[in-house]
Amino acid sequence: MIESIRGRSLLSLHDVSRDALVEVLDTAESFVEVHQRTVKKVPALKGRVVASLFFEESTRTRLSFETAAKRLSADVLSLAVASSSVKKGESLRDTIATIDALGLDAVVLRHRSSGAAEQVSRFVPHVRVINAGDGLHQHPTQGLLDAFTIRQVLAERRGVASSDTGATLFDGLHVLIVGDILHSRVARSDVDAYVALGARVRVAAPGTLLPIDIETWPVEVVSDFDEALEWADVIGLLRLQNERGTGSFVPSLSEYTTTFGLTAARARRLRPEALIMHPGPINRGVELDSIVADLPAAIIERQVSNGVPIRMAVLYLTVAGANREVA
Amino acid sequence: MASVVVRNGLVVGPESATVADVLVVDGVIAAVGENLDAPGGSRVVDATGCWVGPGLVDLHTHLREPGRESAETIESGSRAAAVGGFTAVVAMPNTEPAIDNVALATYVLDQGSRALVDVAVAGAITQGRRGERLAPMAELAALGVRLFTDDGAGVQDAAVMRRALSYARPLGVRLAQHCEDANLAADGSMNEGALSSQLGLIGRPAVAEEIMVARDLDLVRLTGAPLHFLHLSTGRSLSMVGAARDEGLPVTAEVAPHHFTLDESSCSTFDAHFKVNPPLRTRADVAAVRASLVNGLADAVATDHAPHAAELKDLPFDEAPAGMLGLEHAASLTHEALGATPGDPIRFFALLSRNPARIASLRHEDRRARHSGHGGAVVAGEDANLVVFDPHEKWEASWDRLQSLATNSPYHGRELTGRVRCTIVRGAVVVDEGALA
């Protein structure tokens with residue numbers, strides 16, 4: 001069990017303890033305030049170098065990591081390569097070695113291959129590696145920002161300060177995750193975070209998009225999706241990843257929408273206070289109806305904006321390490 | 001030729017073992033007995049406390065030449081084989097291009113004739129290993145090729161496999177199958193299960209192997225042609241083949257050392273040195289494969305020695321090529337796996353020499369085969385292909401000690417018990433004191 005992410009790489013949320021998660025959420029809360037300042041910067045990572053390496057397409061994750069690093073006053077080296085290391089002709093190891101020669105404190109890595117972040121952490125053991133999504137494996141900062149967003153909204157509704165609530169708002173919270181669990185690194189990180197924080201998680205998906213070991217996950221598989229809608233305090237939809245060939249796991253997109261899409265009709269079965277989440281980018285009309293995506297219950301944009309304080313917190317804790325003072 | 005006398009070792013025969021000297025003259029075993037008089041000037045190998053048996057035979061070696069000589073060559077691979085106690089290896093045909101014609105087979109045999117150990121060749125079953133049209137098996141058989149396989153992949157089309165078996169049977173050659181259904185195993189890079197799911201790696205399910213084993217057993221029943229099953233990795237595969245053997249079908253099975261020493265958990269750090277096809281399986285499968293050495297379900301241990309350039313094993317797990325080195329550690333790992341079984345030196349040589357030599361037609365019986373004199377009894381008149389194995393020596397496997405050009409061994413840093421001391425190929429001492437002579 002990882003009791004704190006301070007001073008270490010963040011590769012996965014598997015085995016990250018409740019206290020460690022709450023520490024990140026609370027740290028992120030203290031960075032939200034920076035966003036409201038005229039000068040949106042703190043000197044916490046001044047003089048530190050953060051490389052942002054995206055070997056796979058990404059807009060929101062890359063922009064929010066780079067914004068986070070800049071708000072912490074770190075120097076940011078940015079490299080976007082939308083191709084596999086093999087196609088590029090240079091190995092991941094050589095790319096990392098080249099950039100490391102410039103003097104690195106942290107690497108933010110997105111890669112299409114599961115385990116790439118862990119491999120990089122072996123190539124450069126002195127550098128903190130932050131996994132920004134690796135293959136089908138993990139997307140830890142997404143799991144953190146999803147938990148952060150839920151806690152923030154629930155705290156606001158109760159009129160309490162989010163950072164005073166620890167993990168209490170997750171106690172017994174009903175979270176329903178819907179869609180392509182099999183190919184989703186977001187689902188793996190979300191489940192790790194929600195369960196560690198005390199929520200009850202159910203998943204709903206076509207049989208072909210459930211991992212074969214789902215019985216060993218700390219979740220319940222729902223047999224009746226429509227019934228589960230009434231149970232949920234939070235519904236998290238996953239992107240149907242057509243670009244990974246997921247389309248061939250279901251007979252057609254329209255059948256998927258009919259059976260597991262959050263259509264307007266289905267959304268009416270949700271409890272009025274239920275929250276609707278999606279990691280983006282949305283396939284409007286496939287897993288989520290356009291009208292539903294724009295309801296006030298949908299807190300998708302908040303997820304995006306919370307990406308910055310969460311990633312500030314992760315960069316700060318992993319890089320600044322033992323120093324407990326937030327600048 | 002000079003003579004060699006191997007003194008005071010436990011000479012391991014097919015059914016019994018006794019302490020004796022072995023005198024080798026002119027490449028042939030001249031005498032076996034106590035306190036033999038050796039001609040003056042004989043080279044003396046002290047085998048006290050060691051096993052002396054027929055040189056090991058590897059049914060499954062990827063020598064990479066032609067095509068990928070940066071990973072291994074026939075010459076470097078034969079050095080690795082010699083250090084590992086092997087006096088003969090069967091070179092797999094999945095080179096670039098594939099060994100599917102007489103010219104290429106001749107090239108490998110010629111290169112092999114200059115190597116430290118005997119290099120037999122397996123031919124491809126189908127042209128270009130594409131699984132469509134049969135390779136010229138009769139022409140290759142006339143050259144002395146006795147084993148045919150599309151290894152690296154199985155023959156996917158059942159009709160093609162049936163035709164290949166029917167064609168091979170009257171030629172007196174044996175087919176060998178890499179059992180994996182390509183559709184079920186597609187894109188997978190480790191065993192399918194809870195761990196692959198947690199790691200986000202696409203799995204190669206056990207059933208991908210088992211479904212082809214089941215299919216091919218039926219095709220053997222239909223055609224009557226012999227079939228050898230390569231690197232079986234699951235308990236179920238071994239049971240199915242065992243039941244077919246009991247039924248009288250002409251089938252044989254090999255297992256690879258990594259499948260009885262390493263389980264899928266080795267993949268949990270995404271280190272591609274542990275990526276191999278078929279993949280490292282569950283602990284239960286590892287136990288079943290290990291048990292097959294003793295209970296007879298496995299006929300042979302074969303290395304599936306698969307060299308890959310170091311930079312390729314640094315790739316992300318799903319992009320890295322599958323395969324690991326095997327020649328230099330197989331004897332030690334097999335010895336460890338047999339453990340304290342009474343009579344294990346006999347089983348050791350059955351698994352690593354006698355049975356594989358029979359399967360590959362490398363004994364004396366087949367006069368038309370290119371190579372012979374392997375896997376026999378240690379008696380006067382036999383070719384002097386011998387190995388001296390010290391079952392007590394403890395040593396550490398290390399990347400920097402390998403004879404292979406490649407370094408993709410999963411055993412770096414592992415403490416091993418039992419080591420090849422001396423390898424004798426047709427009377428020539430090619431390895432002495434565990435190092436190339």
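**Close-up views of a predicted two-chain model**

View 1. Apart from neighbours within four places in sequence, the contacts of A:Arg60 are with A:Gly280, A:Val304 and A:Gly307. A:Gly307 stands 247 residues away along the chain, yet its C-alpha atom and that of A:Arg60 are separated by 8.3 Å.

View 2. Chain A contains twelve helices and nine strands, and its C-alpha atoms fill a box of roughly 55 × 50 × 35 Å along the principal axes. The radius of gyration of chain A is 19 Å, which agrees with the value near 20 Å that a compact globule of 327 residues would have. Of these 327 residues, 49% count as buried, and among the contacts in chain A with a separation of 6 or more, 75% are accounted for by residues 24 or more positions apart.

**View 3. The side of chain A that touches chain B.** Here 24 residues of chain A are in contact with 17 residues of chain B. On the side of chain A, two or more residues each are given by α3 (85–88), α4 (92–100), α5 (116–123) and α7 (185–197), and the largest share, three residues, comes from α5(A). By class, this side of chain A divides into six nonpolar, 13 polar and five charged residues.

**View 4. The two domains of chain B and their contact.** Chain B is divided into domain 1, made up of 3–52 + 379–436, and domain 2, which covers 55–359, and the centres of the two domains, taken over C-alpha atoms, are separated by 26 Å. Their contact takes 33 residues from domain 1 of chain B and 38 residues from domain 2 of chain B. On the side of domain 1, at least two residues each are supplied by β1 (3–12), β16 (386–396), β17 (415–425) and β18 (428–432), with the largest share, eight residues, coming from β17(B). The residues on this side of domain 1 comprise 22 nonpolar, nine polar and two charged.

**View 5. Packing of helices α10 and α12 in chain B.** Helix α10 (residues 283–295) and helix α12 (residues 330–338) of chain B pack with their axes 9 Å apart and at an angle of about 80 degrees, which means that α10(B) is roughly perpendicular to α12(B). B:Arg290, B:Leu293 and B:Val294 of α10(B) make the contact with B:Thr334, B:Ala337 and B:Leu338 of α12(B).

**View 6. Backbone features in loops of chain B.** A cis peptide bond, with omega about -10 degrees, joins B:Asn277 and B:Pro278, and B:Pro278 is located in the loop between α9 (257–261) and α10 of chain B. B:Asp26, in the loop between β2 (17–25) and β3 (28–33), has a positive phi near 50 degrees and counts as exposed, with 11 C-beta neighbours inside 10 Å. B:Asp304 also has a positive phi, of about 50 degrees, but B:Asp304 is buried, with 29 other C-beta atoms within 10 Å.

Definitions and conventions:
Residues are numbered from 1 along each chain as its sequence is written. Chains are lettered from A and ligands numbered from 1 in the order in which they are written. This is a predicted model: local features need pLDDT of at least 70, side-chain atom pairs count only at pLDDT 80 or more; totals for chains, interfaces and linings use all residues. Helices (H or I, at least four residues) and strands (E, at least two) are DSSP runs, numbered from the N terminus. The radius of gyration is taken over C-alpha atoms; the globule rule is 2.2 Å times the number of residues to the power 0.38. A residue is buried if 20 or more other C-beta atoms lie within 10 Å of its own, exposed if 12 or fewer, and partly exposed in between; C-beta atoms are placed from the backbone. Two residues are in contact if their C-beta atoms, placed from the backbone, lie within 7 Å. Axes are lines fitted to C-alpha atoms, for helices over the stretch in contact, and angles run from 0 to 180 degrees between N-to-C directions. Angles under 35 degrees count as roughly parallel, over 145 as roughly antiparallel, 65 to 115 as roughly perpendicular and the rest as oblique. Ala, Val, Leu, Ile, Met, Phe, Trp, Tyr, Cys and Pro count as nonpolar, Asp, Glu, Lys and Arg as charged, and the others, Gly among them, as polar. Domain bounds come from an automatic or database domain assignment.
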